[in-house]
Each structure stands twice: as structure tokens, then as C-alpha cells.
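Hi everyone, thanks for making time this morning. Please have a look at the structure I am putting up, and then we can walk through some of its features together.

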Amino acid sequence: MTVSPRFLRPRAVPGPGPAGLSVFYLAADPRAGRSAPVWFLADRAARRYHAWCSGARRSAASIVSPADREMPSLILLKAPEGTATNKNVPLNADVLSIVIGRDEKECQVVIPHHAVSRRHAQIVRAGGQFYIEDLKSRNRTFVNSKEVPPGGRQALKPDDRIKICDFLYRFHDERAVRPQPLPDWLSKIRGDDDDDDGAQTTIEGSATSDRARSFLEVAPSDRLRALLEISTNLSRTHELDPLLAQVADTLFGVFKQADRCFVLMTEEHGRAVPKVVKSRRAGMEDTRFSKTIVRKTIESMQSYLSEDAGNDASLGPAASIAEFKIRSVMCVPLATADGRPIGALQLDTQDRTKKFSLDDLNLLTIVANLAGVAIEKARMVAQVLEREKEQKEMELARKVQLGFLPQTLPDIDGWEFYAHYSPALTIGGDYYDFIPLRDGRVAIVLGDVAGKGVPAALLVAKLSSEVRFSLLTVPDLAEAVSLLNDQLSNGGLGDRFVTLAVMVLDPRDNSFTLVNAGHMSPKLYRAATDELVDAISLDATGLPIGALPGYPYEQVKVTVEPGDSIAVFTDGVTDAMNPGGSMFGPAAVDRCLLPDDALGASGQQPKRLGERLVSTVRRHANGRAQNDDIAVVTFGRLEPTAGPNTSTDRMAAAGTQKIQVGGP
């Protein structure tokens, strides 16, 4: 309490002075409306009083007792009207309870604001320690951004921030033994002559925006300037590894008292792994860190500060702390924007004169928030680049797979061919081919590998080469398919299999030989009777390729008359769904291949037949994405008056050529 000497009124009373008389000075503070007694020896008080009377203007602080100078107080840092007022509210050590609120009659500290309760909180003194209690206020009381439970009690330490609505106070107590104030809020370097009382303080608090706001309320311009610089530095790097190194460099640049810095990231099972370790001193490059602190920080998602980690009972016997003689340590969690933990930042120091403070913890928490956002952003950029790389690789794979499909269609006098291929994904597991054989024959192959995507496409690559090898080396079709089955069964397909329909067309006698390995039967349109039939019976259909090694397949021979057409397709046609979830189905295929309305002979030609089937399936899907690969192959014998016509409809196919395979 600082008062002017003009408020000092001497009053002589008996006392223990040398002359048996002391002077009782009554220090009256007109603002407080009360007086406080101050005792001095008569000779000393007289000298000071007469010196003032003779014109010497001195501050009352020079004659106030040391006990009064060290009186604790509340310093108002911020009020709703604007900037901090720095108003000092003394806390009389002789008063056991000081009530804070808006009621002028009942409160010793009056805050005239409608948001403050009449009796909001009180500061009590017990055993030399000051405590703050919330008196069940409407808007609660906060100490260092942590709520004081209604009816609960919170011990006050020097520099604690007390927030009552929009009023922010700092608890000031010079009686406490503590290091001198630090000149620079960023470096926090203490003087070498500071005493260490051996006391240990552990502070834990949630890494929330409230803490950040209360931290920035004091000296906001300087701190915002530094945080802006930190944010700018972190935003310059979008690669994860260089970014983590940048985070460590930033922390060393801000916290100059730190000897070691750890940037830790969590792996699949939640184990924290150091990605960057920096040391300011030689011989401290060891990557070991306090797993206890890091685990506690990540699990609780709260910041942690220990001024004396070696004597912190909450840490237990930690080998890393003892071996490196860690004096002060703080650790904060790294989290994504949605609060998911991704790692932690830990700083420690060996110097007992350079302990971390609560402001350091608040600053590190804000830096961790910025770093968490930057790390999440870097990971997202890496994921985007990885997806772009995968898309390029998939596009290359798509071009390679399209290369497996025939680039030309057979050109045989009196015959017409059509083909369509559309994968559900970039690449797929459907396959078709036209393979020229000896004596003018041509093999027409259509298969469906179980599954879709990359695994199915890889199996298609193997299937393509194995089919050609078997058909070109074995003249008999059934034996060639049996050889193919054995080759793929012994090739380690696992639980995968292939349904396959193989037809060898012989233009010399206008017939084709058919082997069906578990595939849907090809549909045969008979022009003479205007009917649609299965080209092979279910009894003659064998098992899928790769299902059973050594399986004997059966072949059938079908004669093709003028105007007849054959259609073979994969289950992507029958399984096509519309937006309502209804499948196209086999019945719809039959109606499409043999419609009720008369289309004439030209409408049943192979090209018209294939195009009609594909367009009907698309209309049924009505914009819904394919749920399976689609492959369609049609071929047939033309009427004597019709010329040859071949057509292919493959996505991204590089044009169509005709090649002469043979003649009748």
C-alpha cells in the first residue's frame, strides 16, 4: 500500500521505544475509506516526520514497514472497456476473507459489472497461504483457464491468472521465494545468481483455446508477432519430414533454455516414436525420452510442466530423467483439428537456473496447435500426391491391360464381329480375345476373373498369355482348356478362379466348337425359327478354370446358318443395377436379344445385337456407377446379300483395323 505523507497523523501512545514512547501513525487511504496502523520507534519516526515537514517530499513507501510492502495484491490486467488498467488491489494479510463481487456493501473488492455475481468469489487466507473460492457464481471463476469448482478451493501461486467474467487479474505475492522476473518472455533465461529452493512444481492443464486466449491477453502485440512468425515458418514446408525438423528448429529458437527437443509421432498401436531429436549440448544426442510423461500427455490430451523433474513424485523413478539430470521438462500433445492425438512435443533442460514457466507451457501449447495443423496439412498433401501417383500408375496399368485386348477384329467373308469392354474401376478382371489359328480358324475367348481391380487385372495378364499358349500348342479344344486349367491351378491362384467360354470358329464348314468352363452359356439366335437358345447345355458346362486340377472338359460343335448370331457376355451385364437397386437380370438379356417388336433381319445382325444390349444396360443403370466389369462379344453369319461388317467398342481403344483371317 503506497500512501502520501499528508495522510499520516501522529498519535503518541506508550510503547517499547528507548524513551518509553512510540509514535502511532494512522495511514488513511481515502479511496479505501479505512485506516491502517503503522508502528515506528519515536526517534526514527520523528526524524522522518520532521524531514517531511521541512519540505522533503518523500514517498510513503520509504516509511512503510517491510511487511506492508510485501502485502499480496491483485493486479487488474484487463477489463471489458479495453486495455489493462494495471490497478493494484492490496490483499490485507490480517483479513481472513476478501469477497469479490458487484455488491458494494458486502464485497471488499467491487467489480461493477452485470455479468459478475453479487458475491462472486472470495480470497481466504489459511496458514499463510491464499486460496480463492467460487461462491456458486453464475459465470464461474477461473484460475489459469481452469474452472474453480463451485464451493471448491484453489490455492493461489504467484503470477496465477484469475478470470472473473471479462476481468483478468494477476495474483502478486512478493513474499514467495521464487526466481526474479524474466526480462524476455520468449527466452525465459534466468540469471545465474537466482536461488533454487528445491521446491518442485507440477502443472497440468488442457491444451484449449481458452488457455491460448488468456496467454495472449498479456503483451498481446509482442506475442502475436512471434506466433505469426512461427506460423509463417511452419507454413513454408509441406513435406512431413522437413516440417518436423522445422518444428524442432522453431522450438529451439523460441525456448532458448531448452537443452533437448523431441518431436514424437504416434504409430498404429499408439506408441510414440521420436521422429526428430535435437540437442543443444554435446553428449546429449541420446534418443531416449521420458515415456511416462509422453504417455501421460497423449492419453490425457493435457499439457504437462514440471519445474524439477528429478524430484517430481508423480513421475516415479524415471531412468531417462535421472541419467540426463533433467531439471525442468514440459510436454504438450500434438492433435489434429478434430482432436485426434498424433504425437507430442517435449522440451527439457539440465540447467537449474533455467526452468520452464507457466508462460512457457502456454506458448508451447500454442506452438503445438500450430504444428498439429501444419502436420495434418502436410499429411494431406502427401496423401494427395500419393493418390496422384497411384492414379498415374493405374492409368498406365489401364493402357497395358487394354493392350491385352485385341486391337483388331477378325475379317472373314460372310461373318460379322462386335466387341465391347467397360471396367467398373480403372482396370478390371474381364477379358476377351480373338486368336488366329491354323487352317483359317479363329478362337473367340471371353472370361471373367473372380474379383475386380488390380488383383483381377494381374490375373488377366497371366490368363491372356496362358490361353494363347494352350490354344496354339494343343489342336483339340477340350484338351487345350484342360491344359489351361492345370497351368493356372498350379500357378498359385489360391482361392481365385476364372469362368471362361472358348469358341473356335471354322469358316470352312460354318461351325464353331465350344467349351464352357463355368461361364454363363452363350446365347444363340436362330434366324430360321426366330428363337433364342443356349449354345451349350448345363450338363456340358464344366468347372471354372482353377477350381480343380486335372478336370476333363467337354466340347460341343454348333453349326451356324445364315442370319444366326451368337452373344457371349460377362455377369456385369446381368448384375447391372439401377438407382433403385434392381438388377438387370438374365430375363432382360433375353428380351433385349430377342425383342417382341419385329426388327427385321438387319436388327438381329451381330453388331446391332451387341450395341442394343450395351445401350439397354446403360439405360437400366440410369447413371448409377458400374458394380462389376462388363464385356460383350457378338458374332454371326450374315445373309448372302449382306457384306462383312466388324465393329469394336472398347473404352479408349486406339481405332479398329480389319485383318484377313481366312476364307470359306
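Let me start with burial: of the 664 residues of the chain, 47% count as buried, where buried means under 20% relative accessible area, exposed over 50%, and partly exposed in between, with a 1.4 Å probe and protein chains only. Before going on, a word on the source: this is a predicted model, where local features need pLDDT of at least 70 and side-chain atom pairs count only at pLDDT 80 or more, while totals for chains, interfaces and linings use all residues. Residues are numbered from 1 along each chain as its sequence is written, and side-chain values use heavy atoms, with hydrogens and water left out.

Now the overall picture. The chain has 14 helices and 33 strands; these are DSSP runs, H or I of at least four residues for helices and E of at least two for strands, numbered from the N terminus. Its accessible surface comes to about 32,200 Å², and 51% of that belongs to carbon and sulfur atoms; the areas come from the Shrake-Rupley method with a 1.4 Å probe, and for residues only the protein chains shown count as cover. If we take contacts, meaning heavy atoms within 4.5 Å, between residues at least 6 apart in sequence, 61% join residues at least 24 apart.

Next, the sheet I would like you to find. Five strands form an open sheet in the order β23-β24-β25-β26-β29, with antiparallel pairing. Two strands pair here if DSSP finds at least two bridges between them. The edges are β23 and β29 (555-559), each pairing on one side only, and the twist averages 15° from one strand to the next. Inside the sheet, β24 (residues 442-449) and β25 (residues 498-506) pair in the antiparallel sense over eight bridges, and Ile444 stands opposite Met503 in β25.

Which strands does α9 lie across? They are β23, β24 and β25, and α9 runs at about 25° to β23. Helix α10 (residues 477-489) also packs on the sheet, touching β25, β26 (511-517) and β29, at about 30° to the direction of β26. For those angles, axes are lines fitted to C-alpha atoms, for helices over the stretch in contact, and angles run from 0 to 180 degrees between N-to-C directions.

On to charges. The structure holds 16 salt bridges, each a side-chain nitrogen of Lys or Arg within 4 Å of a carboxyl oxygen of Asp or Glu. One of them joins Arg468 and Asp433 at 3.3 Å, N to O. That pair links distant parts of the chain, with Arg468 in helix α9 (residues 454-473) and Asp433 in strand β23 (residues 430-436), 35 residues apart.

Another bridge has Lys523 and Asp590, with their closest N and O atoms 3.5 Å apart. Lys523 lies in strand β27 (residues 523-526) and Asp590 in helix α12 (residues 585-593), so this pair ties together parts 67 residues apart in sequence. Lys523 counts as buried at 16% relative accessibility, whereas Asp590 is partly exposed at 28%. Salt bridges with shared partners join Lys523, Asp534 and Asp590 into one network.

That is my tour, so let's open the discussion.
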